[in-house]
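User: Please take a close look at one helix in this model. I would like to know how it sits in the chain.

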Amino acid sequence: MNIRVFDNEAQAGQAAALVIGAQIVKNPDSVIGLATGSTPVLAYQELVRLTKQGILDWNRVTTFNLDEYLGLSGDHEQSYRAFMMKNLFGKVNIQPDAIHIPDGMAKDPEAASLAYERTINARGGIDLQLLGLGRNGHIGFNEPGSFFATRTHVVDLTEDTINANARFFANPSDVPRRAMTMGIGTIMQAKAILMLVTGAEKARAVRGMVCNPVDPQCPGSVLQLHANVTVFLDRPAATAMYHCQ
């Protein structure tokens, strides 16, 4: 892993945006995997700024999002499709049919998962995958104990993940209990991976990912086995990492 520590989350987010932007400039036909949640918002804001300045052109870019809640339609305000439209897609010149996000309302989620995986493969795989890291070490919605070989699939969310996401919903009981997510096997096939982690509440997960042996109980630790991983941290997220033995 190539690990870089920044003074604050704004610097880390800007740096992540520059990596994604460089990928698009280098290869206008890039296939980029994207993440949701509060962590990448600043990176997306910087990407929008670079696009409005004429530096980035999304016209030939294809994107695949990591995951989506099951039971939420794409126009639900807490769906990940709505998040992406609000924070990125609705503000750049990406082609609508180049946007791929799991269908939270699929009648047959298992079949939809297989179809999503086939679409990724048909596009030649992911050139650059953006990841976050959950407080329990999850990547995508691959919770502790996930098999490393899994492809896009349906998952039951842990109570820790449900509680972490409850702040986005008016009532904690409204938080979906299931999701569709790229599997760890899918993520590991990306040609390059960029992980962005900010906040002191993620420090323990960062330590588990970086310092400890590869362990399914910390899904992020599998990234130690990938040949091209860059991790951007702000200082609060990096604190526990400094005490690796």
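Analyst: The expected span of a helix is 1.5 Å times one less than its number of residues. Helices (H or I, at least four residues) and strands (E, at least two) are DSSP runs, numbered from the N terminus. This is a predicted model, in which local features need pLDDT of at least 70 and side-chain atom pairs count only at pLDDT 80 or more, while totals for chains, interfaces and linings use all residues. Residues are numbered from 1 along each chain as its sequence is written, and side-chain values use heavy atoms, with hydrogens and water left out.

The part examined is helix α2, residues 41–52. Its twelve residues should span 16 Å at 1.5 Å a residue, and the end C-alpha atoms of α2 are 17 Å apart, which agrees. Just after α2, Gly-54 has a positive phi of about 85 degrees.

Buried means under 20% relative accessible area, exposed over 50%, and partly exposed in between (1.4 Å probe, protein chains only). In α2 the buried residues are Val-41, Ala-43, Tyr-44, Glu-46, Leu-47, Val-48, Leu-50 and Thr-51. Contact here means heavy atoms within 4.5 Å.

Asn-8 counts as partly exposed, at 33% relative accessibility. Asn-8 and Ala-237 are 229 residues apart in sequence, yet their C-alpha atoms are 9.6 Å apart in space.

For the setting as a whole, the chain has eight helices and ten strands. Its radius of gyration (taken over C-alpha atoms) is 17 Å, close to the 18 Å that the globule rule (2.2 Å times the number of residues to the power 0.38) gives for 245 residues, so the chain is as compact as a globular protein of that length. Along its principal axes the C-alpha trace spans about 50 × 40 × 35 Å. Of the 245 residues in the chain, 55% are buried. Among contacts between residues at least 6 apart in sequence, 80% join residues at least 24 apart.
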